[in-house]
Amino acid sequence: MREHDAFGPATMRRGRRKFDDDESDFLKRGRLEPALHEDPDLPEVGDRWSSWDGALHGPDPRPDWVRAEHGAVDSELGVLKTGKEADVFLVRRWLPATGQVSMLAAKRYRDGEHRMFHRDAGYLEGRRVRRSREMRAMTNRTSFGKELIAGQWAAAEFDALGRLWQIGQESGLVCVPYPVQLIGTEVMLEFIGDWETGEAAPRLAQVRSGADELEDLWRQMTDALSVLARAQVAHGDLSPYNTLVHDGRLVLIDLPQIVDVVANPRGAEFIARDVNNVAAWFRARGLPIEADELIDRLLFEAGLR
């Protein structure tokens, strides 16, 4: 579906900023060390061999642009964004023998000493681990507990993306990046943007649209919210800043804090907050949005009323 010459325009200046981070104090960094130990037998080209072989893979049917070949290599092209919980890097995974390319966003959650997960206690309600020792460590925020939390956030995002991607393929009502693989606290997913230039798709907050396009984007937003509600989950932190617009399609991103609205006692609150966050943005641009009516419908679809 997406085939590009590995030595074409996708070769970029390393470290180039692709889009603004949520945080006003965005710090452009040099290349950070990968989350995994590199194979000492490095390839002749690229930064390292592909880590596909030792990873948990995304759902089937796998898109044909995913490079699963043993001879594939990864080249790290720079930082896409930094955040409080994770840094995101642009990675080109390519097959030197053929030039076939996958452009990936590698999201690496911070280690236990530096991670600053914010407001995580509310999101983690309803998530449980089997061993009481691990639950105590997470509750007390020990170093070990923080590592477990990071793993939970990465796994939760990977699972949510896989589930929603499959629903989107079947229904066309929700769009998320394809989750390529998960290893530890690193999630590698489809890069949403221009694969030739490495420019990320704009966030919804950056889009300047006419009335017709705004109405279409709101329709897509309500469809996506309905899909989430019927799956009995909430995004948990939905806003115009973690929603992309690519080729006219609304794409939901940043789902580590996804909430099981049935298991979490604050599930209805998270649904309402997601709706109010995005409704306020559309309303400020002239659309007559009735948020309360939508919230009532979503709560019903989620089985909370």
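Predicted model: local features only at pLDDT ≥ 70, side-chain atom pairs only at ≥ 80, totals over all residues.

Me: How many helices and strands does the chain have, and what percentage of its residues count as buried?
Reply: Helices (H or I, at least four residues) and strands (E, at least two) are DSSP runs, numbered from the N terminus; the chain has 6 helices and 11 strands. Buried means under 20% relative accessible area, exposed means over 50%, and partly exposed lies in between, with a 1.4 Å probe and protein chains only. Of the 305 residues of the chain, the buried share is 54%.

Me: Among contacts with a separation of 6 or more, what share comes from residues 24 or more positions apart?
Reply: A contact means heavy atoms within 4.5 Å. Among contacts in the chain with a separation of 6 or more, residues 24 or more positions apart account for 68%.

Me: How many salt bridges does a search of the whole structure find?
Reply: Side chains of opposite charge can pair when their charged atoms come close. A salt bridge is counted here when a side-chain nitrogen of Lys or Arg is within 4 Å of a carboxyl oxygen of Asp or Glu. Searching the whole structure in this way gives 15.

Me: Over the face of which ring does Arg108 lie?
Reply: A charge sits over a ring if NZ of Lys or CZ of Arg is within 6 Å of the ring centre and within 35 degrees of the ring normal. Arg108 lies at 4.5 Å from the ring centre, over the face of Phe89.

Me: Why does the pair of Glu157 and Lys107 tie together separate parts of the sequence?
Reply: The two residues form a salt bridge whose closest N and O atoms are 3.1 Å apart. Because Glu157 lies in helix α3 (residues 143-171) and Lys107 in strand β5 (residues 100-109), the pair ties together parts that are 50 residues apart in sequence. Both residues are buried, Glu157 as well as Lys107.

Me: Are Asp223 and Arg219 buried or partly exposed?
Reply: Their side chains meet in a salt bridge, 3.2 Å from N to O, and both lie in helix α4 (residues 211-230), 4 residues apart, about one turn of the helix. Asp223 has a relative accessible area of 23% and Arg219 has a relative accessibility of 42%. Asp223 is therefore partly exposed, and Arg219 also counts as partly exposed.

Me: What span does helix α4 reach?
Reply: The expected span of a helix is 1.5 Å times one less than its number of residues. With 20 residues, α4 is expected to span 28 Å, and the distance from its first C-alpha to its last is close to that, at 29 Å.

Me: Which residues does Thr222 touch, not counting those up to four places away in sequence?
Reply: Thr222 has its place in helix α4 and is buried, with a relative accessible area of 13%. Not counting residues up to four places away in sequence, Thr222 touches Leu294 and Arg297.

Me: Which residues do ring pairs link into a cluster with Trp65?
Reply: Rings of Phe, Tyr and Trp (its six-membered ring) pair if their centres lie within 6.5 Å; planes under 30 degrees apart count as stacked, over 60 as edge-to-face and the rest as tilted, and the count comes to 5 aromatic pairs. Trp65 and Tyr178 are edge-to-face, 6.1 Å centre to centre with 85° between the planes, and Trp65 and Trp195 are edge-to-face at 5.4 Å and 90°. The latter pair links distant parts of the chain, Trp65 in the loop between β2 and β3 and Trp195 in the loop between β7 (186-190) and α4, 130 residues apart. The residues linked with Trp65 into a cluster are Trp165, Tyr178 and Trp195.

Terms used. Residues numbered from 1 in each chain as written. Heavy atoms only, no water.
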